[in-house]
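Trainee: Could you take a close look at one part of this model for me? I would like to hear about the disulfides and what surrounds them.

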Amino acid sequence: MPGPRVSADGSGNATLQARKTGERVCSQKTNICSRSYFMFVLVFFHMYIINGIAQLYVNYNNGEEDPDTASHQETPSSDHQPLDSQDPESKPDIVRDIFLPRIDGVKVGHVQKLSLVPDEVHEMRTLSLKPLLFEIPGFLTDDECRVVMQLAQLKGLVESQLMVQEDQEELVEELDLSPEDIFNLLDINQDGQLQLNEILTHSRVREGIWLTPESLREIYAGLHADKDDNGLLSLEEFRQLSSDAFQRFLLQRGVKSSQLVRNSRHTWLYQGRGAHLVLQNIKQRVISLTQLPDTLVDLSEPLQVVRYQQGGHYHAHHDSGPVYPETACTHTRRAANASTPFETSCRYITVLFYLNSVEGGGETAFPVADNSTYEEVSLIQNDVDLLDTRRNCDRSNLRVKPTRGTAVFWYNYLSDGKGWVGKQDQYSLHGGCVVTRGTKWVANKWINIDPDYQRQVRYQQLVSQTSEEEEEKDGLLSSHDIHDTHQDL
């Protein structure tokens, strides 16, 4: 899936002042720290440090409670409040007429019988509870897999690229942060030095290039940044770097496909009215599988088809970003009451289809599936980067082997306990292991739902109104055509 674009929160001064004075505000995992790391790892996927400082700054200055990632049940919880009910004093209770059913995983290995097509029974097995992840063998027939691949080739595949966030330099200037401010925000453990993993946690890539501990050391050496060659940056060393020093260094180097965040080609296939019957059937099967209302699936993204050649990979990422009051979902942005400077892809569910069996490699890896805890900074330890699917896929807690016709699907968000979308499930981190032999074909069906219930409803109303107006317009045009035809006769 392409990564999300941006996400942000409001800001204040108290936390920044604590950071400036060296107070150790992030010695343990808190929601503030978690969100700051996440913004950079997932949301500013393609930005380097200075471009993301604004995001880190505002995230450190919001005092929400830590999300409860230990439960995936439907029971109400104060830790799983939707956006539209975070401030009960300022917002009345919302009367909802749309509720999202959520499949119970029961336990790892649990098998459920499904009726997705007439006269057929599919088995769905629970692969993990964090994230809530299922596998359905034989979801697609061999012929359906072949048709989808052929349609993708006819449509034409393009290089997969990450969306680049714009206007971040202006935002950084508005915040007017000094090098000391930036240094303190990056210094996770507040020891007065920047470790490699602190920098990598906040900024994985630049211009689509995947940063590794080794490549970061090369940059240090090339820029003569690490004067004492100890792998750490002191405040004094950090001060001597210009804001775009790392960027310029990277752009001067040649880039191999193996150094990219994602090495693949993809296209999008429309599944609506008039689409190929196979594509429409797949969509209907997804509706049956997820038990979601037809409208939500119809208004989601088209089917994405991706091809990974030998050597292809996709480093670990999230399909969606956290959504906070200052963040809009890409698909409902026009339904927002006020302008929001940041947006992310709100993909409630990912359904991944394997269109062929891969000769070697190509597994879908979930590095932290069913971990007891989640710590972003712990993903990179002693030069072992769990996000690196080219080198460390074998260290992932769960790997799914690509088998033709098999589908896997998972929830990228928790439930809010009231039948709607809750907080992001951080355990849904996943990536595509490097293909060592042959070619890998997959398709992704993302179901987009805004955690802000009111915004999702407004969006659906806007779409419905637009559709009705277009139908009326088409009807008028048809009437005029008929009238003109009679005139000609």
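Mentor: Start with the S-S bond of Cys393 and Cys433: its torsion is about -100 degrees, so the disulfide is left-handed. Keep in mind that this is a predicted model. Cys393 sits in the loop between β19 (384–385) and β20, while Cys433 sits in the loop between β24 and β25 (435–437), so the bond ties together parts that are 40 residues apart in sequence. The S to S distance is 2.0 Å. A disulfide is a covalent bond between the sulfur atoms of two cysteines.

Now check burial. Buried means under 20% relative accessible area. Cys393 has 8%, so Cys393 is buried. Cys433 has 3%, so Cys433 is buried too.

Next, look at the strands that flank these loops. β24 and β20 both belong to an open sheet of five strands, in the order β9-β12-β24-β17-β20, with antiparallel pairing. β20 (398–400) is an edge strand, as is β9 (262–263), and each pairs on one side only. β24 (residues 430–432) pairs with β17 (residues 364–366) in the antiparallel sense, over two bridges. In that pairing, Thr364 stands opposite Gly432 of β24. Strands of a sheet pair through backbone hydrogen bonds, either parallel or antiparallel.

A search of the whole structure finds two disulfides. Cys329 is in strand β13 (residues 327–329), and Cys346 is in the loop between β14 (342–344) and β15 (347–354), 17 residues apart. This link is left-handed as well, with -85 degrees about the S-S bond. Cys329 and Cys346 are both buried.

Arg333 pairs with Glu343, and their closest N and O atoms are 2.7 Å apart. Arg333 lies in the loop between β13 and β14, and Glu343 lies in strand β14, ten residues apart. Arg333 has 31% relative accessibility, so Arg333 counts as partly exposed. Glu343 has 8%, so Glu343 counts as buried.

One more contact spans the chain. Asp416 and Arg96 meet in a salt bridge, N to O 3.2 Å. Asp416 is in the loop between β22 (413–415) and β23 (421–424), and Arg96 is in the loop between α3 (49–59) and β1 (111–114), 320 residues apart. Asp416 is buried at 1% relative accessible area, and Arg96 is buried at 14%.

Definitions and conventions:
Residues are numbered from 1 along each chain as its sequence is written. This is a predicted model: local features need pLDDT of at least 70, side-chain atom pairs count only at pLDDT 80 or more; totals for chains, interfaces and linings use all residues. Side-chain values use heavy atoms; hydrogens and water are left out. Two strands pair if DSSP finds at least two bridges between them. Helices (H or I, at least four residues) and strands (E, at least two) are DSSP runs, numbered from the N terminus. A disulfide is a pair of cysteine sulfur atoms within 2.5 Å. Buried means under 20% relative accessible area, exposed over 50%, partly exposed in between (1.4 Å probe, protein chains only). A salt bridge is a side-chain nitrogen of Lys or Arg within 4 Å of a carboxyl oxygen of Asp or Glu.
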